[in-house]
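Me: I'm new to this one and would like to walk through a few of its side chains. Could you show it to me before we start?

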Amino acid sequence: MRSTLRFAPGLALAIALSALATAVSAQAPSTLRVVSLGGSTTETVFALGAEGLLVGVDQSSIYPAAAEALPDVGYYRTLGTEGILSLAPDLVLAAEGSGPPAVLAQLRAAGVTVVAVPGGEHPRAAIDKVRIVAAALGRASDGEVLEASIQADLERLAAMPLPSGVAPRALFVWGRGGQTMQVAGSATGAQAMLELAGAANAIQGFEGYRPLTPEAVVAAAPEVIVIDADLLDSLGGVAGLASDPALAVTPAVQAGRVVPIDVLGFLGFGPRTAELAIDLRRALAER
């Protein structure tokens, strides 16, 4: 049986950072040609002030807006080797889930350094991404500044009380099809963000993201609806939600407690994680 070495998270990150320091030492950081895969990875590059190194990004890299002007190498989970190699990158920053694995192997075989950027659906994941990306770009000092900023925001968030002292029940909606809504159950990044902001997930009967029937929406009785801003617009805003018989009877819609969010940033656990959670905490306090 093949044995597997397991490291404590902190030790694993330290080992990865040490390996990255060795990998970038042979290349002057200012001359790196970088392809970034994954929206939160690209956000991190920009937050570090290193966007000038980017020669390409994937389709999920839509924030900040300047990222959309860069060459597009396709969706990070269904990549092709030729499109990436045509940009002559020295370094590919690959978010968790990037692939297929054979494409990443081909890039490495072609002499491209491929750095795996960790995922995770918790605030610490944002800081881990900063450390890995900053080390890969040779910008450790910028990474320390950004990490301190994120940590300060997390501490500020922790000090913000809820007006009632009780976490409101929130329904997270990220899609709609037919007569059902796609919502977040337990063990999801959405639930982690709701809880970070001081809300409780109104859906606890299943894990992951699933469609919810009108009857289940009524039974959940959410006090707040947190919804993708673009989806809310497509549904006609709060008035559009109120025209749905199931949503109309929920405490959230009756009280007008609907909070639009940037769903990619909200679920990306990148450098804006604490900032977006603070925004939601404030929205909860205002309603």
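Me: Which side chain is joined to that of Asn-201 by a polar contact?
Reply: Bearing in mind that this is a predicted model, the side chain of Asn-201 makes a polar contact of 3.0 Å with the side chain of Gln-191.

Me: Where is Asn-201 found, and is it buried or exposed?
Reply: Asn-201 is found in strand E7, which covers residues 200-201, and Asn-201 counts as buried because its relative accessibility is 7%, where buried means under 20%.

Me: What else is Asn-201 in contact with, leaving aside neighbours within four places in sequence?
Reply: Besides Gln-191, the residues in contact with Asn-201 are Ala-170, Ala-184, Gly-185, Ser-186 and Leu-194, once those neighbours are set aside.

Me: Switching to rings, how many aromatic pairs are there?
Reply: The count comes to 3 aromatic pairs. One of them is formed by Tyr-75 and Tyr-76, an edge-to-face pair with 5.0 Å centre to centre and 70 degrees between the planes.

Me: Are Tyr-75 and Tyr-76 buried or partly exposed?
Reply: Tyr-75 counts as partly exposed, at 35% relative accessibility, whereas Tyr-76, at 13%, counts as buried.

Me: And how are Phe-172 and Phe-266 paired?
Reply: The rings of Phe-172 and Phe-266 are stacked, 5.6 Å centre to centre with 15 degrees between the planes. This pair links distant parts of the chain, since Phe-172 lies in strand E5 (residues 169-177) and Phe-266 in helix H13 (residues 263-268), 94 residues apart. Both Phe-172 and Phe-266 are buried.

Me: Last one: what sits over the ring of Tyr-63?
Reply: That is the charged end of Arg-272, 3.5 Å from the centre of the Tyr-63 ring.

Technical notes. Residues numbered from 1 in each chain as written. Predicted model: local features only at pLDDT ≥ 70, side-chain atom pairs only at ≥ 80, totals over all residues. Heavy atoms only, no water. Helix = DSSP H or I, 4+ residues; strand = E, 2+ residues; numbered from the N terminus. Buried < 20%, exposed > 50% of the residue type's maximum accessible area, 1.4 Å probe, protein only. Polar contact = N/O pair within 3.5 Å; in protein donor to acceptor, adjacent residues only side chain to side chain. Contact = heavy atoms within 4.5 Å. Phe/Tyr/Trp six-rings, centres within 6.5 Å; stacked < 30°, edge-to-face > 60°. Lys NZ or Arg CZ within 6 Å of the ring centre and 35° of its normal.
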